[in-house]
Amino acid sequence: MAMNFHRYRPFPQINLKDRTWPDKVITEAPIWCSVDLRDGNQALITPMNLDQKINFFKYLVKIGFKEIEIGFPAASDTEFAFCRALIEQNLIPEDVTIQVLTQSREHIIRRTFEALEGCPTQSVVHLYNSTSTLQRDVVFNMSKDEIKDLAVFGAKLLNELADEYGREHFRFEYSPESFTGTEVDYACEVCNAVLDVWKPTEDRKVIINLPSTVEMATPNIYADQIEYCSRNLKYRENVVLSLHAHNDRGEGIAATELGLMAGADRVEGTLFGNGERTGNCDIMVVALNMFTQGIDPKLDFSNITEAIDIYEKSTNMKIDPRHPYVGDLVYTAFSGSHQDAIKKGMKRLEEHPDRWEVPYLPIDPADVGRSYDPIIRINSQSGKGGVSYILEHNYGLSVPKQMQQAFSLIVTKVSDEKNKELSFEEIYDLFFETYYVMNPLSLKYYYESSKGKVVTIKSDILINGEFSTIEGSGNGVIDAFCDSIKKKFDVEFEIVTYSQHSLDYGNKSRAITYIQLHNCRKEVFYGVGISTNTAKSSFRAILSALNQIMKIKNIQV
């Protein structure tokens with residue numbers, strides 16, 4: 001059954017034929033304005049209490065916001081009290097501007113100015129009324145002229161009250177709410193009527209905010225709307241053009257970035273995109289997107305865990321594990337090919353630590369206060385690159401390439417059987433359970449002697465727990481030890497690869513040896529040995545591999 005798409009109509013194009021924004025590049029951070037405490041707060045199931053608001057405000061100041069919309073003071077006693085608390089408790093730094101929202105209605109505007117009385121710094125009074133075709137028709141039943149007159153009325157009253165309370169303490173902002181659903185030429189007409197009342201100057205600039213109150217079209221349409229208004233607003237050199245994108249189509253971040261390219265100077269949004277319906281533009285993501293392009297975002301997200309903590313405690317919302325830059329899984333790779341590429345990228349990074357270039361990771365997790373540990377995680381989809389990265393990065397095991405491949409298949413099998421991700425500890429334990437096999441044969445002591453070029457090794461070993469002495473000769477200690485094994489157990493094998501290094505994990509004086517053996521049928525077996533004595537480490541690795549041969553072939557000793 002097909003969905004009933006016939007009820008919907010495509011959004012009309014702006015037809016801005018000479019648009020310039022597609023060729024523009026974002027080169028600097030905009031003016032940021034957090035609306036977490038207003039737009040974000042009003043969208044919560046349980047709005048923040050006074051203490052939560054104050055703590056959130058302090059955090060926004062801490063990370064660098066210079067403009068913060070604190071609420072709608074005329075909406076409730078709680079909102080009014082919060083505004084008064086910030087002022088009366090001297091919580092507003094000298095370089096921070098608070099912003100308050102008001103509809104273009106007289107009693108609401110007057111109550112708003114009462115809330116701001118005595119504010120030690122400049123504050124922004126944010127005036128709005130809805131201008132869209134749908135709102136004019138369905139909600140207000142008002143003509144275009146009546147809607148414009150309502151905006152002008154509010155602008156004039158702001159002028160009067162600013163004179164009464166001390167004009168130097170106030171800046172003004174106007175939003176044609178539901179701008180994206182408004183004829184773009186009419187939106188400009190209303191904004192220009194408001195600007196004619198306020199007459200902005202270089203010393204007293206005005207903010208014109210063009211909100212995507214409901215996201216209705218693709219981001220390029222919003223960019224066209226912004227560029228059109230940027231060209232056609234009066235007093236443009238004294239207007240701070242602001243964006244306020246919502247996320248109904250999931251494109252609020254893209255719309256904001258294109259809007260900046262189209263001429264906007266300022267961005268309103270929230271941390272992690274909290275807000276009505278699908279939320280606001282996520283300021284954190286936009287800022288870190290700039291960061292990845294070598295632009296100073298002017299906001300400090302170097303401790304993103306702190307941001308998550310205050311957000312979740314204040315809003316009772318949870319961060320999605322796939323949320324850009326901050327989710328639990330965003331610095332994680334399960335795919336084997338991805339893991340291998342990340343491993344190689346991290347290795348190459350040692351050659352040029354001054355620039356970040358790691359496949360699949362657009363940002364260094366450490367730059368936002370995250371660790372490397374979760375970058376690669378292991379499940380049944382993982383490959384040798386991820387498994388070997390974990391063993392090397394976390395435990396200092398430089399596993400040879402052929403052995404990596406063999407062990408990754410074992411890891412995949414175990415993860416698949418358990419139907420779960422394997423932890424680092426489980427992978428480490430599985431590695432030694434598989435390759436450091438101490439039964440039925442294990443080495444206790446050995447004695448070395450030589451005559452000319454011939455080396456003799458005499459070893460005390462345990463065979464199923466019983467002591468036995470074996471002896472063999474060869475052109476070196478390993479050749480001699482192998483000779484003693486072959487003679488004792490009448491078994492044929494050949495060492496194919498051998499490597500050894502100091503063990504960085506734990507006691508650094510120990511050596512770890514990796515052995516690859518072929519039996520008489522050219523079948524491959526691997527073994528690992530550890531000891532403070534390098535020869536003993538090698539002998540144990542050989543016995544570990546032989547124990548696997550005996551176990552698999554059911555050889556009795």
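## A parallel barrel and its helices

Helix α6 covers residues 144-165, 22 residues in total. From its first C-alpha to its last it reaches 32 Å, close to the 32 Å expected at 1.5 Å a residue. These values come from a predicted model.

Which residues of α6 are buried? They are Ile147, Lys148, Ala151, Val152, Gly154, Ala155, Leu157, Leu158, Asn159, Leu161 and Ala162. An α-helix has 3.6 residues a turn, so residues three or four places apart point the same way. After α6 comes Gly166. The phi of Gly166 is positive, near 110°.

Now the barrel. Eight strands close into it, in the order β1-β2-β3-β4-β5-β6-β7-β8. Their pairing is parallel. From one strand to the next, the twist averages 25°.

One pair shows the detail. Strand β2 (residues 67-71) and strand β3 (residues 97-103) run parallel and are joined by four bridges. Glu69 stands opposite Gln99 in β3.

Helix α3 lies across β2 and β3. Helix α7 packs on the sheet. The table gives their strands and directions.

| Helix | Residues | Strands | Angle |
|---|---|---|---|
| α3 | 77-88 | lies across β2 and β3 | about 140° to β2 |
| α7 | 184-198 | touches β4 (123-130), β5 (170-177), β6 (206-212) and β7 (239-245) | about 165° with β5 |

Key:
Residues are numbered from 1 along each chain as its sequence is written. This is a predicted model: local features need pLDDT of at least 70, side-chain atom pairs count only at pLDDT 80 or more; totals for chains, interfaces and linings use all residues. Side-chain values use heavy atoms; hydrogens and water are left out. Two strands pair if DSSP finds at least two bridges between them. Helices (H or I, at least four residues) and strands (E, at least two) are DSSP runs, numbered from the N terminus. Axes are lines fitted to C-alpha atoms, for helices over the stretch in contact, and angles run from 0 to 180 degrees between N-to-C directions. Contact means heavy atoms within 4.5 Å. The expected span of a helix is 1.5 Å times one less than its number of residues. Buried means under 20% relative accessible area, exposed over 50%, partly exposed in between (1.4 Å probe, protein chains only).
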